[in-house]
Amino acid sequence: MCPHRGAVFSYHSRHVLYPYTDTDREACNVFYVWEMLRPLMKGIPMYVIPNTVIYDPPLLCEYLRVNQITRMLFTPSLLEAVLNTSGLDFERDLKTLRCIIFCGEVVTTALFDKCLKVLPWIQFLNLYSVSECHDVAIEDLNDYFNKNKDALKTRKFCPVGKIIPGCKVVILDEFFNVQPVGASGEIYVGGPTLARGYLNRPEVQAKRFIPRPESLPASFGDRLYRSGDWGYMLSDKSLEICGRCDSMVKIRGYSIETQAVEAALMSLPMVHACVVLVKGEEGQDKFLVAYIVPEGQTTKKKIREALKLRLPFYMIPSYFVFLSSIPVVPASGKLDKTALPPFERQSGEEEEAMEGKAGTETEKALAQIWREILQIKDIDIMESFFDLGGHSLMATELTNQIRQKFGVNVAVKDLFTYPTISSLAQVIDAANQALDSDGSGSVRVVPVIKPTLNLEDEIKKHDQGILNMDMQLRAFWRTFSFYKNRFTKGRIFLTGATGFLGAFILRELILKTKTYIVCVIRVLPDTTPLERLKQTLQQFGIIASEGSEQTDEQAIVEKELSTRTVPVQGDVALVNLGMTEEEYTYLTTDIDFIIHAAASVNMVYPYSALHGPNVMGTANILLFACSGKIKPVHHISTDAVFPHGMKDCSEDDECLDYHTKLMDGYSQSKWVAEQLVRQAGKRGLPITIYRLGNMAGDSKNAYWNPADFTLLMLKVCAELKMAPDVDWDMEMTPVDFAAEFIIQMIKNPTLSLGKTFHIVNDKPLKARLVFEWMNANGYPVQIVSYDEWTNRVCEVYEGQQLHKLVENYVGGPSFFTSMSTYQTDQLKQTLKSLQMEYPYTDRIMINNYFTNLAKHNVITKQISYVGAGKKLEGKVAIVTGASSGIGWSIATILADVGAKVAMAARRIDRLQELGVELSRRGGAVICVQTDVTKKEEVKELVSHTEMALGPVDILVNNAGCMYYTLMSNLHEDEWEHQIDVNIKGLTNCIGAVLDGMLSRKSGHIVNMSSNAGRKGFPGLAVYSGTKFYVEGLSQALRQEVCGSGVKVTCIQPGDVRTELLSHSTDTEALKLFDGSGKTQILDPEDIAKAVLYAVTQPDYCAINEILIEPKEAPV
């Protein structure tokens, strides 16, 4: 029920704004009741167009020509139908038309552009009018686009203009709060023109007409009409309409704006007109159908290919139907949904439809599998699985079903080589036709075909080639003079915020700067960008998880997240970064810096699978950086842009010559991305490149990327209780350090712009050290051959992530031994300027990592520390000469009472056998091959021990040798060997530990002397001399360190049952002076007990010497 005053307001406003002339003649059919009186009230003739004429374009044009019509109201759909009709002479038939008024639907800029080309003499008005409130706003489109010439290219829809005088419009959010200028919301209309309501429809009445919120003035009236349109007010008080609120649908968990899909289609040159509808039942069966009027010759495949550059996969329609025109309802001129043809029949595309149909039995079976997995009814066998919405989880399910159905083993990476049903069916048929070599009928493997790929051509294809940046660049560099705090208080555009490094970069920005951060985020089903961002931050402990206690730092991050961070839905791989035109345009001038951390990291996938996010994403970011104003780009690259196995890779190396040596898709895609950044840098764009090595967990809480190769290796080794015997430099950099350094570079542009930094650990730990630490700290692992370890991994983790990496990426033990090494001179120099230090991996960091990983239930500690509650709990001991005899017994007894023992000797095979035996007994031991006569090896022994076990508390200098020899027989080599081992070796070992013990004010040095150190024995002259040296050194050292907390003990054994006696070659000396066979001599365990006695005394008690001899053979 509409009052007359609504029509009166409408008539009056248009009479004033766009008055008639004496020669006007108006025609009317659409909205006839409202329009018939408008011209008559001004004495202008009004022509009633019959229903038989209005929707027949040739008849309509003839009617307008014969009656010399000058003004008419059209719906956009109706005029589009007229313009699409071939054979009409518009210059003849419509030459008298001077004004066309659009009403009833949104006017696309594509339609208006065509109107300007075909009907340039006509004035076009865009009227926003609704039955429930009459005319609301109107815009002269000719005038608007004449003043805003670029708008036809940048806008998708035409503006509706300024509010008509007397009409009241307000933009409200979902809580009925008034939105400021520029903020979007639902359009509400008030004032005197509102309808009274709906007749006998109380539910609709209550929904559409609401009481005026108290925040609005009384001039709006008592009620507001809820239009259902989404829009915002401009600064000139014009109204902008974005679309319908009710055009938002949810399909498979994704929220989709159908008008956004239509707008993307309309931006394609091959699409003249379109409409997108939702079909199917609620829930998992809903899908999109696009009805398209094509422009020229095109195909569904071409449209899909173009559309996937503009929209995420879930917004790509499942069906495309080609039409000659969009049908309209005769009564209103709006879309006639009932007249649209069924989407199953692709009229006009018989040939293409035949090409896309499954023909062979294999194709039909594959198509059925795809339908079930993708939940799409219409499958084109020439379309890519991934273009149709497939992702990694679906791909895994697809490979499993193919294996079950066809007996062919297809890896996920093979799907990128054969992404269509057509290509995959051919491979499956070929595999099934080939006989197994052994005739066993086992599952066949898909043959590997490496697609040809020229990475240099990829650079040329994606290089934006932005020129004419001179003025913007001059403006950018002047910011150093005018805005010194811009680098700590500016606006940051961060990609990859839901990734591992990106999340910590966001944390660092929030905690260490005052910047505002815009995060572009790709949405997931049933999740908003903010929800996804918070889930990531919770996953990495940056904000507290639900129900957990919040730290002060987490509270700060969560608070600042809501005030300084804006999550924006988008996708870097898409045009305009997947954002709306308005958001993109605004941000090009608002953003000050870009941190491009978004990338897809997968070591198994080929280049084609990573091209979108890694290459297209970078190209789009560079275009964004050059649009509006210049924005420096901090690009996160990778050390993988160098080929595997290179040594001393330089930060200054641009990697131009390595593209043919890159074997995996990740390295290839990141190489192309980095080269695109470098090309932009050479044109003047301020850039900084960070080549990252392996990002480990944060240094405080060890939150780690769950897909990280190193973490997966450690986790699997702990679970299997075995580790591979490989020479692997386990390179790790804490992620929070990398994030901190990157933010410091943003804050200090003079140190960063134009440079490349290797954020890589140039002193990585050997993996064996880490495995030994695990073994000594409750994560028992046995070192086994690589093949044995690999077989076990394949057996236990078949199909899981590490298994795929080992099988498809690692290949063999040479992968570990040929790791590239990197120079970090630029990084070190910059860190020195910033007074920062690189956090090299050490025992403390490893301990922190494993402690927290166990706390997070990522790695499970298998056993508690075996030394708990025992005499030497927590003590670390080095025992030299531990591969046999006394050394072995000492290592055993110390381990049994809780010490962590480093067993050192030259005979590594024997040492490892004994080490395995001790480990089985529950001892925490490591084995280190060491020649004590070589100072560097001794230092490495101590370093190795401190890394794996901790600071050395006890040193047992047990390594020694003894030869019976008469001086007159001149066995000089044996003399020299005794001097080297017994004197030089002992001195080297003391020198390696003494400084550490003194600095800690704690330690115990146990020197294995002999009763021959108290009395010279014939036949053992040189040996006795070396032991006198041990005694003299020990006595003097004991005096020197008195009061320092360091103890020095000499153990002085007599004859002991060891293999030493068998080493003597001077039979004459043995016969004369060896008395070991004349009485019962000591066992090695007796000496070990003496050592244990000495090292288990209270701190205040020092055992300086222990003389232990056979009872019947005293000195």
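First, the conventions. Because the model is predicted, local features need pLDDT of at least 70 and side-chain atom pairs count only at pLDDT 80 or more, while totals for chains, interfaces and linings use all residues. Residues are numbered from 1 along each chain as its sequence is written, and side-chain values use heavy atoms, with hydrogens and water left out.

I start with the sheet. Seven strands make up an open sheet, in the order E35-E34-E33-E36-E37-E38-E39, with parallel pairing. Strands here are DSSP runs of at least two residues (E) and helices are runs of at least four (H or I), numbered from the N terminus; two strands pair if DSSP finds at least two bridges between them. Which strands are at the edges? Strand E35 (924-929) and strand E39 (1105-1108), each of which pairs on one side only. On average, neighbouring strands of this sheet are turned by 15 degrees against each other, direction ignored. Strand E34 (residues 900-905) pairs with E35 in the parallel sense over six bridges, and Ala902 has Ile926 in E35 as its bridge partner.

Two helices pack here. Helix H39 (residues 935-948) packs on the sheet and touches strand E33 (876-880), E34 and E35, its direction making about 155 degrees with that of E35. Contact means heavy atoms within 4.5 Å; axes are lines fitted to C-alpha atoms, for helices over the stretch in contact, and angles run from 0 to 180 degrees between N-to-C directions. Helix H40 (residues 972-1000) lies across E33, strand E36 (954-957), strand E37 (1003-1008) and strand E38 (1046-1053), and runs at about 170 degrees to E36.

Staying with H39, this helix contains Met947. Met947 is buried, with a relative accessible area of 6%; buried means under 20%, exposed over 50%, and partly exposed in between, using a 1.4 Å probe and protein chains only. Not counting residues up to four places away in sequence, Met947 touches Leu765, Leu769, Trp773, Asp842, Arg843 and Ile846.

Next, the cores. A nonpolar core is a set of buried Ala, Val, Leu, Ile, Met, Phe, Trp, Tyr and Cys residues joined through side-chain atoms within 4.5 Å. In the largest, which has 78 residues, Phe709, Phe771, Met774, Trp789, Phe816 and Phe850 touch the most other members. Helix H28 (residues 709-720) gives the most to this core, with nine residues. Apart from it lies another core, of 44 residues, including Phe504, Ile510, Ile517 and Phe737.

Now a charged residue. Glu1031 is in helix H41 (residues 1021-1040). Leaving aside neighbours within four places in sequence, Glu1031 is in contact with residues including Ser1009, Gly1013 and Glu1105.

Last, backbone angles. Phi of His134, a residue other than glycine, has a positive value near 60 degrees. His134 is found in strand E6 (residues 134-140) and is buried, at 5% relative accessible area. Ala702 also has a positive phi near 60 degrees; Ala702 is in the loop between strand E26 (695-696) and H28, and is buried at 1%.
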